[in-house]
Amino acid sequence: MICLLNFSKQIKLFIFILVLLFAFPLMAEPIGSVSTRFKFLGANDKIVVEAFDDPDIAGATCYLSRAKTGGIKGTVGVAEDTADASIACRQVGPIELPEDVRNGKQDGEEVFKKSTSLLFKTLQVVRFYDPKRNVLIYLTYSDRVIEGSPKNSISTIPIMPWR
């Protein structure tokens, strides 16, 4: 009986840690939002715009717009957001590429991730480098544990001298 009680506490602790991890993903700076559908109860459905800096490349910033489900489920954080998202990335300062990016070893590396459902769905941004054109490419897409979505969006940053 005592062993089962400890196991129950361990499960509760594990669930609590999971909730904290999903509540505090890689942080994006909120820029603004617009309502897309009125809800009588809870928050409205909306499109949110957020900005985040590439964690490995100073001078590269991406702006992400994504759908956010409202209603009661959205208000308490258990709604599943749609896979709709768009991205625009810009050079906002001098860019010095790390060697692992320049030689392609970090192609496809995740630079941003946000939970879009309680447990199993995420919106991700990954980075690639095109050495022939000296361009960074950012791809956003949504995935699930079992099934992802083909909806995606890309943005590029041609690396230019900074004045």
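Please keep in mind that the model is predicted. A search of the whole structure finds 1 disulfide and 6 salt bridges, and there is 1 aromatic pair as well. The largest nonpolar core holds 20 residues.

**Aromatic pair**

- The 1 aromatic pair is made by F52 and F112, whose ring centres are 4.5 Å apart; their planes meet at 15°, so the pair is stacked.
- F52 belongs to strand 2 (residues 45–53) and F112 to strand 5 (residues 109–115), so to speak two distant parts of the chain, 60 residues apart, linked by this pair.

**Nonpolar core**

- Within the largest nonpolar core, which counts 20 residues, the members that touch the most others are I57, I95, L97, V125, L136 and Y138.
- At least two residues of this core come from each of strand 3 (60–68), strand 4 (85–91), strand 5, strand 6 (121–130) and strand 7 (135–144).

**Disulfide**

- C62 and C89 are joined in a disulfide, with 2.1 Å between their sulfur atoms.
- The torsion about the S-S bond of C62 and C89 is about 105°, so this disulfide is right-handed.
- The bond links distant parts of the chain, since C62 lies in strand 3 and C89 in strand 4, 27 residues apart.
- C62 and C89 are both buried.

**Surroundings of Q91**

- Q91 is a residue of strand 4, and with a relative accessible area of 14% it is buried, because that value is under 20%.
- Beyond its neighbours within four places in sequence, Q91 is in contact with G59, I157, P158, I159, M160 and W162.
- The C-alpha atoms of Q91 and W162 are 8.8 Å apart, although the two residues are separated by 71 residues along the chain.
- The side chain of Q91 reaches two backbone oxygens: that of G93 at 3.1 Å, and that of M160, which lies 3.0 Å from a polar side-chain atom of Q91.

- Side chains of opposite charge can pair when their charged atoms come close.
- R127 forms a salt bridge with D54, at 2.7 Å from N to O. R127 is in strand 6 and D54 in the loop between strand 2 and strand 3, so the pair ties together parts 73 residues apart in sequence.
- R127 also forms a salt bridge with D56, where the closest N and O atoms are 3.0 Å apart. D56 lies in the loop between strand 2 and strand 3, so its pairing with R127 in strand 6 ties together parts 71 residues apart in sequence.
- R127 is buried at a relative accessible area of 1%, and D54 is buried at 5%, whereas D56 is partly exposed at 32% relative accessibility.
- R133 and D130 meet through their side chains in a salt bridge of 2.8 Å, N to O. R133 is exposed at 52% relative accessibility, while D130 is buried at 17%.

Notes. Residues numbered from 1 in each chain as written. Predicted model: local features only at pLDDT ≥ 70, side-chain atom pairs only at ≥ 80, totals over all residues. Heavy atoms only, no water. Phe/Tyr/Trp six-rings, centres within 6.5 Å; stacked < 30°, edge-to-face > 60°. Helix = DSSP H or I, 4+ residues; strand = E, 2+ residues; numbered from the N terminus. Core = buried A, V, L, I, M, F, W, Y, C linked by side-chain atoms within 4.5 Å. Buried < 20%, exposed > 50% of the residue type's maximum accessible area, 1.4 Å probe, protein only. Disulfide = S-S within 2.5 Å. Contact = heavy atoms within 4.5 Å. Polar contact = N/O pair within 3.5 Å; in protein donor to acceptor, adjacent residues only side chain to side chain. Salt bridge = Lys/Arg side-chain N within 4 Å of Asp/Glu carboxyl O.
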